[in-house]
Amino acid sequence: MAHVARIDEDGIVREVHVLRNEDLPNNGEFSAETEAAANAFQHSLGLEGNWKLTSYNGNFRGRYAGIGYKYDEALDEFVAPEVPVETE
């Protein structure tokens, strides 16, 4: 299964969806062609936006994208949100 994350203009992940590998070229393997096809597929369903492939196993883009994570375009990675440290 391929996974895609919808990135808002501010770089924040708002949704993560699972796509069938059969609906994508290269059996869903990570590539620019696959990502473009994933975007086209999501748009064909009426799901607009910028969709980025993300790896459930963390094989690319640093880690699996979770809702609230940020996509760092310069690093081409998803960055986990900072967790505030509680002080007494």
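How many aromatic pairs does the structure hold? The structure, which is a predicted model, holds 3 aromatic pairs. The protein chain comprises 1 helix and 5 strands, and its elements follow the order β-β-α-β-β-β from the N terminus.

**Aromatic pairs**

- Phe-30 and Phe-60 form a stacked pair, because their ring centres are 4.0 Å apart and their planes meet at 20°, where stacking requires planes under 30 degrees apart.
- Tyr-56 and Tyr-64 form an edge-to-face pair, with 5.2 Å from centre to centre and 75° between the planes.
- The two tyrosines fall into separate accessibility classes: Tyr-56 is exposed, at a relative accessible area of 58%, while Tyr-64 is partly exposed, at 27%. The cut-off for the exposed class is over 50%.

**Overall chain**

- Taken along the principal axes, the C-alpha atoms of the protein chain fill a box of roughly 50 × 25 × 20 Å.
- The protein chain has 88 residues, of which 32% count as buried.
- Among contacts between residues at least 6 apart in sequence, 39% join residues at least 24 apart.
- The protein chain carries 7 positive and 17 negative charges, and the mean positions of these two groups are 2 Å apart.

**Thr-54**

- Thr-54 is located in strand S3 and is buried, with a relative accessibility of 3%.
- A polar atom of the Thr-54 side chain lies 2.8 Å from the backbone nitrogen of Ala-65.
- Beyond its neighbours within four places in sequence, Thr-54 is in contact with His-3, Val-4, Ala-5, Val-16, Phe-60, Arg-63, Tyr-64, Ala-65 and Phe-78. Phe-60 in this list is also a partner in the stacked pair, and Tyr-64 is a partner in the edge-to-face pair.

**Residues with positive phi**

- Most residues other than glycine have a negative phi.
- Asn-26 has a positive phi of about 60° although it is not a glycine. Asn-26 lies in the loop between S2 and H1, and a relative accessible area of 42% makes Asn-26 partly exposed.
- The side chain of Asn-26 makes a polar contact of 3.3 Å with the side chain of Glu-33. Leaving aside neighbours within four places in sequence, Asn-26 is in contact with Ser-31, Glu-33 and Thr-34.
- Arg-61, likewise a residue other than glycine, has a positive phi near 60°. Arg-61 is placed in the loop between S3 and S4 and is buried, with a relative accessible area of 8%, the cut-off for burial being under 20%.

Conventions. Residues are numbered from 1 along each chain as its sequence is written. This is a predicted model: local features need pLDDT of at least 70, side-chain atom pairs count only at pLDDT 80 or more; totals for chains, interfaces and linings use all residues. Side-chain values use heavy atoms; hydrogens and water are left out. Rings of Phe, Tyr and Trp (its six-membered ring) pair if their centres lie within 6.5 Å; planes under 30 degrees apart count as stacked, over 60 as edge-to-face and the rest as tilted. Buried means under 20% relative accessible area, exposed over 50%, partly exposed in between (1.4 Å probe, protein chains only). Helices (H or I, at least four residues) and strands (E, at least two) are DSSP runs, numbered from the N terminus. Contact means heavy atoms within 4.5 Å. Lys and Arg count as positive and Asp and Glu as negative; His and the chain ends are not counted. The place of a charge is taken as NZ of Lys, CZ of Arg, CG of Asp or CD of Glu. A polar contact is a pair of N or O atoms within 3.5 Å; within protein, one must be able to donate a hydrogen and the other to accept it, and residues adjacent in sequence count only if both atoms are side-chain atoms.
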